[in-house]
Amino acid sequence: MKGADAIVEVRGLSRVFDISSPWVSRLINREPRLRLTAVDGLDFSIYRGETFGLVGESGSGKSTLARMVVGLIEPSQGQVIIDGVNLAETRDRAARRAVRRRMQMIFQDPFASLNPRWRVGDIIAEPIRAFGARDGKAGGLDKRAIRARVDELLEMVGLHPADARKFPHEFSGGQRQRIAIARAIAAHPDFIVCDEPTSALDVSIQAQILNLMRDLQERLGLTYLLITHNLAVVRFMATRVGVMYLGRLIEIGQTDALFARPRHPYTRMLLDAVPDLTMSGRPRIAIGGEPPNPIDPPPGCPFHPRCPRAIAICKIERPAFRDNVACHLALADEPGPAKV
């Protein structure tokens, strides 16, 4: 997407957690300090109006990345630039406030993300009170205007204005996620991080929530970062897809191209794990083994202990991320791939 307008730029982003025992215990037991690299040097951009899907096994670093993008976790290294503003470096409070208003997050568990002591109307109104009207100016909105905006938001997500007087426990899981979506769009954001927004819902409800998210994206011009392990959700929602493994991005591609012609062996194995409902008879390779210990990752390519095509260099040299893939074999197999 060369020349497109990037709303989010991630540059060299890493996050390392210190999971060592207390220093007294380490001193007595002569234990070394332990560090876990959850996110390891990511570089990518998200373009205005698209849905960038991020997939990978549990523990690959997807949720940690999501929380760093919205500022809930500070990166150990690297930058997250939102529409030209680096929140970690800028000292302009007005600029920081304007950027924070323009990005929101939808969490995995809709019940845990809603305050059980607040009525739904207060939950949805909180971003409006915090950030003000569309121009981001605080104040100037009376109770009647806020109430009218809450009623409008409830109707936009398929609920009734009378629901504003209820508490979260009075709703089903799908309805609670609709409330979370209404809260996310209350302050007129441009960018929303969706961390497994449907994984806690019944299968029959997931399609309704995904359709709602697509409708709101078209209506409001939203940009999504979609974190999920469900490849069917990615294929339905995403414009582009990034595949993570052990904290690293190993492949990025347009959704249709990546599903049709995956270049990294791990991506191919993820797709082979999806049930073949068409019964095509295509040879499939199941993912074998377990992900390596992130505290002590293997040398070279971190996927090589599970890769059926690994060669000698894979065990020694860590592959660089070039032409949207990090694999020693991919460039040799497919020379001259088009950049995304």
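**Figure 1. The largest cavity.** The largest cavity has a volume of about 70 Å³. The model is predicted: local features need pLDDT of at least 70 and side-chain atom pairs count only at pLDDT 80 or more, while totals for chains, interfaces and linings use all residues. Residues are numbered from 1 along each chain as its sequence is written, and side-chain values use heavy atoms, with hydrogens and water left out. A cavity is a set of points, on a 1 Å grid over the protein atoms alone, where a 1.4 Å probe fits but cannot get out; lining residues have an atom within 4 Å of a point. Points are joined across faces, edges and corners, and the volume is the space filled by probe spheres set on them. Three cavities of 30 Å³ or more are counted by this rule. The lining of the largest one includes His264, Cys301, Cys307, Cys314, Cys327 and His328. By class, this lining has nine nonpolar, three polar and no charged residues (nonpolar: Ala, Val, Leu, Ile, Met, Phe, Trp, Tyr, Cys and Pro; charged: Asp, Glu, Lys and Arg; polar: the others, Gly among them).

**Figure 2. The second largest cavity.** This cavity holds about 40 Å³ of space. Among its lining residues are Tyr245, Arg248, Ile250, Pro302 and Ala326. The lining divides into seven nonpolar residues, one polar and one charged.

**Figure 3. The largest nonpolar core.** A nonpolar core is a set of buried Ala, Val, Leu, Ile, Met, Phe, Trp, Tyr and Cys residues joined through side-chain atoms within 4.5 Å; buried means under 20% relative accessible area (1.4 Å probe, protein chains only). The largest such core has 36 residues, and Ile124 and Leu216 have the most contacts inside it. Elements that each supply at least two of its residues include helix 4 (120-131), helix 7 (203-220) and strand 8 (223-227). Helix 6 gives the largest share, six residues. Helices (H or I, at least four residues) and strands (E, at least two) are DSSP runs, numbered from the N terminus. Another core, of 30 residues, lies apart from this one, with Val39, Ile82, Val193 and Leu225 among its members.

**Figure 4. Surroundings of Ile124.** With neighbours within four places in sequence left aside, Ile124 is in contact with residues including Val150, Leu153, Ile179 and Arg183 (contact: heavy atoms within 4.5 Å).

Figure 5. Two strands pair if DSSP finds at least two bridges between them; strand 4 (residues 77-82) and strand 5 are joined by two. Ile81 stands opposite Asn86 in strand 5.

Methods:
On a 1 Å grid over the protein atoms alone, a cavity is a set of points where a 1.4 Å probe fits but cannot get out, and a pocket is an open set with protein on both sides within 12 Å along at least five of seven lines; lining residues have an atom within 4 Å of a point. Buried means under 20% relative accessible area, exposed over 50%, partly exposed in between (1.4 Å probe, protein chains only).
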